[in-house]
Structures are given as C-alpha cells and as structure tokens.
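Work through the exercises below with the model open. Each task comes with a stepwise solution.

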Amino acid sequence: MDGHSLDIAHMLAGGMVLVSFMLLYQDRMFALLNVFALHAVVLSASVAWQAHIQNAPHLYVPAAIALVLKGIIIPVALHQVVIRLGIHRTIETVGGIGLTMLFGIGLVALSMVVMLRAAAAADPLAREDLAFALSVLLLGLLMMVTRRNAVSQIVGFMSLENGLILAATGARGMPLVVEISVAFSVLIAFIVIGVFLFRIRERFDSVELEVLDEFRGERR
Amino acid sequence: MTSFLSDLPFDPITTILVIPAASAMLLVLLPGYWLTARLNVLAALLTFVAALSLLVVRPAPTAYLFVDDLNVVFIVLSTFVGFTTSAFSASYIAHELEIGRLTRQYLRFYHAMYQTLMFSMNLGLLANNIGLMWVAIELATLTTVLMVGIYRTHEALEAAWKYFILGSVGIALALFGTILVYMAARPVIGEGHDAMVWTALVEKAAGFSPELLNVAFVFLMLGYGTKVGLAPLHAWLPDAHAEGPTPISAVLSGLLLNVALYALLRFKILMTANTAAFAPGPLMVTLGLVSLIFAGFMLYRRRDIKRMFAYSSIEHMGIITFAFGMGGPLANFAGLMHMTMHSLTKSAIFYAVGHISQAKGTQKIAEIRGLTESHPVLGWGLVMGVVAIAGLPPMGIFMSEFLIVSSTFARQPLLALLVVFGLLIAFGALLLRLNEIAFGKPIGSSAPVEASYVPLFAHLGLVLAAGIYLPTPLVAWFQGVARLLG
C-alpha cells in the first residue's frame, strides 16, 4: 500500500469527523438534514476507497447502501417528514455552541489517545481509521445528548452509526460487515419511517422530547 | 438412550430456531384470536421440548451455532419461561381484547412478534459467532421496542422511544466492542470469518493484544450492560416494563436481561483467558453493587406496581452481575442459581401482577389494597412471589443470596457488608409495599377475574422446591458450568 492511498483514506475519515462537528451546531432543520446527507456521502466515499485499497469488492455494497439510502433517500424522506410535522421553520436552541464544540474537541482527543495507544500493534490504516471512527461515534452521542428534538436525535443516532460502519470497514477482512450494515440500515429505515414521529406528534402535538418527559406516570 | 437420541431425525439446534421463526410467519397470516393464541403456546412448547433434547445430545459446533454447558442452562430456562409466558399471555390478552385495550388487528402482530422475540433470543444464545450474536440481540431489542409501544398511549410511546434510543445506543457501543475484539483476534487467527468464532477465539485468546481487548471490554460492558439494565444505564428499563403488555414485562425481566448478561459472560471468559488483559471482575462487581444499592433505595419511591418490580429486576441483575464479577466456583454457582431463580420468580410475579391490574383496572399501588381478601388466589400468589423475591427462606432465592453473601464474606468482608446492606434496603421496601397491597381493607373492584393460575404456581413451586432441595445432578451440572466461567 503506497503513501497516497493511506493519505486519501485518512482525508476521507478525517472529513467525517469534520462533518460531525458541523452537525453539532446546525440549528435549522433543513440545514441539519443537508449536512447529514453530506456525512453519508463522505462515508460512502471512504468505504469505497477502502474497498479499492483493500481489494475487497464486497465492501462496495455498504458503500452503495450508504450513498443511496443515507445520502439520498433518508434525508429526502426526513425533509418531507419535517414539512408534514410543520417544524421546518423552528430554530432549535442548541444551547452553548462554544461549550459543545469544546467538549467535542475533548472527545476527539480522548478517542485519539485511547485508540492510537490500544491499537498500536495494528497496521496504521486500521489504527487511525478506528480512532476516527470512535471520534465520529462519540460526537454522534454528544449530539444526541445536546438535542431535544426527536428528528435531531435520530440524525445524531444515524451519524453515530456511520462511525460504526467506518470502523467495521477499516477492520480488514471483517466478515459479516455487509450483513451488519444492512441490519443497521433496516433499523434506521424503520425509525425514520418513524412510526414514532407521527405517533408522538399525534399524541403530544409536538416532537419536542421535553413534552414526553412529563408523562412519566410518577411525577404527578 | 444417548445412542437412540443421537439418531434423532432432526437436529435440535436447527429445530429450536426454526420452530419460532416458522410460527412467527404463520401467525402473521392467521386471523382470529382463539387459534393464534393456542398456536403460540404450542410453538413455545415444541421449542421447549427441542431445547430439553439438548440435555442429552450435544451437536458438534458449526461455524455459526454451537452448544456447550453454559448456554444450555440459558436455553432451557429461556424456552421454559417462554412457554409458560405464552400460556399466561393467552388469558391475559383475551382480557385486553375484551376491554378494548388491544384491537384484533394488533393481535396478529403481537403473536408474530412474540415468536420473533423467542427466535432472536434463542439465536443470540446459540450463536458461535460474535457478529451473529450481536445481530440477534439487536433483533430482540427491536421486537421488544415494538411490543412495548403496542398500546399507543402517551406513556407507552414515551417508554418505547426511550427504550429505543437508549437500547440502540447501547447496542451500537456493543458493536464497536465486537469490532475491536475482531481486530484483536485478526493478527493471531487470521483474516476473515474464523476471527469471530467463539470456539476459536477462546482457544487463541492468550495471544491477543491485551490493550485492544481492554478497550473492547469497556465498550461491551457499557453496551450489553445497558441491555442488562445495570445502573446508571438502566433508565429505559422501568418504563419499558411498566407500559408494555405484562407478558412482555415478564419476558423482558425473565429472559432478555439474561441474554444480554450471557453475552457479557462470554466476553468475560475471553478476557480471563488472556492473562495480560485487565481482570473484568472488579468492573462487574462495581456496576453490580451500584445497581443493587441504587435500585434498593429507588424501590421506596414507586407508586406503580409494575414499575416497582422493574426496579426489583435492576436490583437482582445487580446481584447476579456482582456474583459473576466475584468469580470462583462458589460465587459463579450462586450467580447461575440466582439467575435461574430470579427468572422464574420475577416472571411469576408479573403473571400475578398482570391479572391483578386487570382485576383492579389500575397499576397504581395506592389503589390496590387488601388483595388477599378480594382475590385470595392471586393475592396469596403475589405474597408468595414477593416473599421469594425479597429473599426469605424457604424459597430458592434465599439460598442463592445466602451463597453469594457467604462466599463473599470469606474473600472480601467489606464488599459482603455492602451486599447485605443493599439486600436489606430492598427487603424493607418490598415488604412495606406488600403489606399495603395484600392486606388491609380491600379497595376497588372485587369482581373475579379469569386468570390462568397454572404458570404462576408452577414457577413458584419450582422456586420453593429449589429452596428446599436441589437434586444432585442439577448441582453437579451447575458446578460444571461454574468452573467453565472461571
């Protein structure tokens, strides 16, 4: 494997971390969905590049799934959902962007320290891929924690899951990778079609999750 | 006997998986309540019989599925409780249909989902491949999410959403851990499928990179620990138990938590096989103790009867995780025993609670009083169940808790004191509430309810019998498994 192919793999994986940061501060629904689509496209390119340099044609399948399902179909569907729910004009309060970004930087540093040390014996491609993947995963988690809107939480979860696919493809020769990504994508499609979104909306007249919290049954 | 059985015309492992999968497909197609409920029971019974045959025949491991002494315990327990719960569910759901809480259209879906859940749990337990095991547990999570939300009330939707989000994050972390285990195994076993097969992993674990295994175990512990319901990752558990249909609460508490625990135990074996990696015990002991004591205190504040017993499940999963974390033949034996007893008792309690809340039309503890007077059989059944779960003699849980505490005293007296403290706290809360619910002047409806008492008393009878006398072959079997766990 020559230096250039490694550099490109790093650039694409690092690009995902960057887009994850962009997701953190989007406060408008449509902008959020567009950035998420970008996230999926970068993932798809990264997986396709891995397929190319690892000489593993079966990896083109998850790359195609990421591009079609997560880069196009899901963002478009969520777009429609957002319009039908009537929340496309809402500006979400993503309290304390500066603090969230700092926290995100901390998480990336943490995953670098942990993974680069733990996987010191592995080949550089896999090692750095894992470090980037863990960063994307933790940033997705951070996004889910800071958001209070059901749609944004789903986007956060899907970006987290993109990190997992990145990790799975970086692990050379990992079997079942296709199956796992398909299983996960089914899961995603299942949420997005969002039995829930509409039901929550129908019951609570809002998709703000704070409204849900009041119905604990015990708080009263 | 064995030679005759080894010529069985069918392969027990395949049968255990095919029956629930095929019946799930069949149940989706069939209309009507009477037929589907009975088919559901029949399928669960057949699966249980197939699981029993694993006690005498031991098929050779394949690349995807295998049976050893450890997972047989889980499979037999799981299929048995699956069978009794399907019998309870038949009478419970009939009542829900009558009062219109469930519509017939959802019923088909309910029975199909029940069998899908059985299938995925059995697959998770039988999997010889860490990826396959993960997929199975994910499938089990998704089916239960759908079942929890089936009533479509505010509370049910909130519970399902919370369960979904927390459960999927947990399962995602577990996948990351699984990938790391593969990364650790790859240099030793080689690329591809073999590096995810249990039997190969355990054999070669000594050569894996300990640093990678350490990080992997932390992720697996957080991920599968969420599914076990360990505090502070337990937030989904009380809601999911309280708002779904009661048969699902019984299956969640009695079985699904065990399946996640089984996954953790497998990875614990892997960690112990590699001497350079950190010992997983202390992490499990800590999380177990935190869950035990936290849940003990939380029990006092419950106003909803199903939610209360959900917290009691967190408490007991804490005790079990603690016992396995301590390790050693005696503590492992006690942990296995406690797990079995807890599954039987907790599902029995949920059977009783399900019929009680149907009879009284509420789950609020304040509105349920004097059960032993208004519904003597259910009331005394609940009393017996709570006596068992609180750890009073002569029930089986007393014995396993006694074993856990005494074996800990011999090694770490301070930890044993903490366990006793947690047990006493929970004991106080349970008896306090039991006194209110079961005795005193009855409030609310005293109308008789059509209930199925057989599953309830069958479970309690087994727990009582285990408390009085454990058959020697069973003890020998559990001891063998305890040694396997290290």
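Two residues are in contact if their C-beta atoms, placed from the backbone, lie within 7 Å. Helices (H or I, at least four residues) and strands (E, at least two) are DSSP runs, numbered from the N terminus. The model is predicted: local features need pLDDT of at least 70, side-chain atom pairs count only at pLDDT 80 or more, and totals for chains, interfaces and linings use all residues. Residues are numbered from 1 along each chain as its sequence is written, and chains are lettered from A in the order in which they are written.

**Exercise 1.** Find which residues join α17(B) to α18(B), and describe the packing.

Step 1. From α17(B), take E401(B), I404(B), V405(B), T408(B) and F409(B). They meet P413(B), L415(B), A416(B), V419(B), V420(B) and L423(B) of α18(B).

Step 2. Sort this contact: nine residues are nonpolar, one is polar and one is charged. Ala, Val, Leu, Ile, Met, Phe, Trp, Tyr, Cys and Pro count as nonpolar, Asp, Glu, Lys and Arg as charged, and the others, Gly among them, as polar.

Step 3. Helices α17 (396-411) and α18 (413-438) of chain B pack at about 155°, axes 7 Å apart. α17(B) is therefore roughly antiparallel to α18(B) (angle over 145 degrees). Axes are lines fitted to C-alpha atoms over the stretch in contact, and angles run from 0 to 180 degrees between N-to-C directions.

**Exercise 2.** Describe the side of chain A that touches chain B.

Step 1. Count: 35 residues of chain A contact 33 of chain B.

Step 2. Assign elements: α4, α5, α6, α7 and α8 of chain A each give two or more residues. α6(A) gives the most, seven.

Step 3. Sort chain A's side: 25 nonpolar, three polar, seven charged.

Notes. Angles under 35 degrees count as roughly parallel, over 145 as roughly antiparallel, 65 to 115 as roughly perpendicular and the rest as oblique.
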